[in-house]
Amino acid sequence: PETVTKGARVLVIDDVLATGGTAAASISLIEQAGATVEAICMLLELHRLYQRQSMLPLPNVALQNSKDL
């Protein structure tokens with residue numbers, strides 16, 4: 001959080017979305033720093049482990065979904 005300034009607008013980028021724990025923790029820390037998470041981008045979503053709909057209403061996108069592999 002020391003690199004996130006109050007009032008900043010942040011895009012969270014995560015390499016792999018499995019359970020959503022890392023993304024949720026990141027969002028929490030960013031919000032505690034007084035910034036706003038605008039959207040989430042994942043490189044790979046492990047479809048069977050997690051449904052990103054639970055992160056809505058945040059805009060989110062996965063560049064690759066394991067169900068497509």
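Select Asp 14 first. This residue sits in strand S1 of a predicted model. Is Asp 14 buried or exposed? Its relative accessibility is 10%, so Asp 14 counts as buried, the cut-off being under 20%.

Now show what surrounds Asp 14. Leaving aside neighbours within four places in sequence, Asp 14 is in contact with Thr 22, Ala 23, Cys 41, Met 42 and Leu 43. Pick out Cys 41 from that list. Asp 14 and Cys 41 are 27 residues apart in sequence. In space, their C-alpha atoms are 6.3 Å apart.

Next, select helix H1, residues 21–32. How far apart are its end C-alpha atoms? They are 16 Å apart.

Colour the buried residues of H1: Ala 23, Ile 27 and Ile 30. Look down the helix axis. The buried residues fall within an arc of 65°, so they line one face of H1. The general rule for an α-helix is 3.6 residues a turn, so residues three or four places apart point the same way. What do the buried residues of H1 pack against? They pack against S1 and S2.

Then step just past the end of H1 to Gly 34. Its phi is positive, at about 90°.

Go back to Ile 30 and display its contacts. Setting aside neighbours within four places in sequence, Ile 30 touches Val 4, Val 10, Val 12, Ala 35, Thr 36 and Val 37.

Now select the largest nonpolar core. How many residues make it up? There are twelve: Val 10, Val 12, Leu 17, Ala 23, Ile 27, Ile 30, Ala 35, Val 37, Ile 40, Met 42, Leu 58 and Ala 62.

Last stop: Glu 45, in strand S2. Is Glu 45 buried or exposed? With a relative accessible area of 2%, Glu 45 is buried. The side chains of Glu 45 and Asn 65 are joined by a polar contact of 3.1 Å.

Notes: Residues are numbered from 1 along each chain as its sequence is written. This is a predicted model: local features need pLDDT of at least 70, side-chain atom pairs count only at pLDDT 80 or more; totals for chains, interfaces and linings use all residues. Side-chain values use heavy atoms; hydrogens and water are left out. A nonpolar core is a set of buried Ala, Val, Leu, Ile, Met, Phe, Trp, Tyr and Cys residues joined through side-chain atoms within 4.5 Å. Buried means under 20% relative accessible area, exposed over 50%, partly exposed in between (1.4 Å probe, protein chains only). Helices (H or I, at least four residues) and strands (E, at least two) are DSSP runs, numbered from the N terminus. Contact means heavy atoms within 4.5 Å. A polar contact is a pair of N or O atoms within 3.5 Å; within protein, one must be able to donate a hydrogen and the other to accept it, and residues adjacent in sequence count only if both atoms are side-chain atoms. The expected span of a helix is 1.5 Å times one less than its number of residues. The arc is that of the directions from the helix axis to the C-beta atoms.
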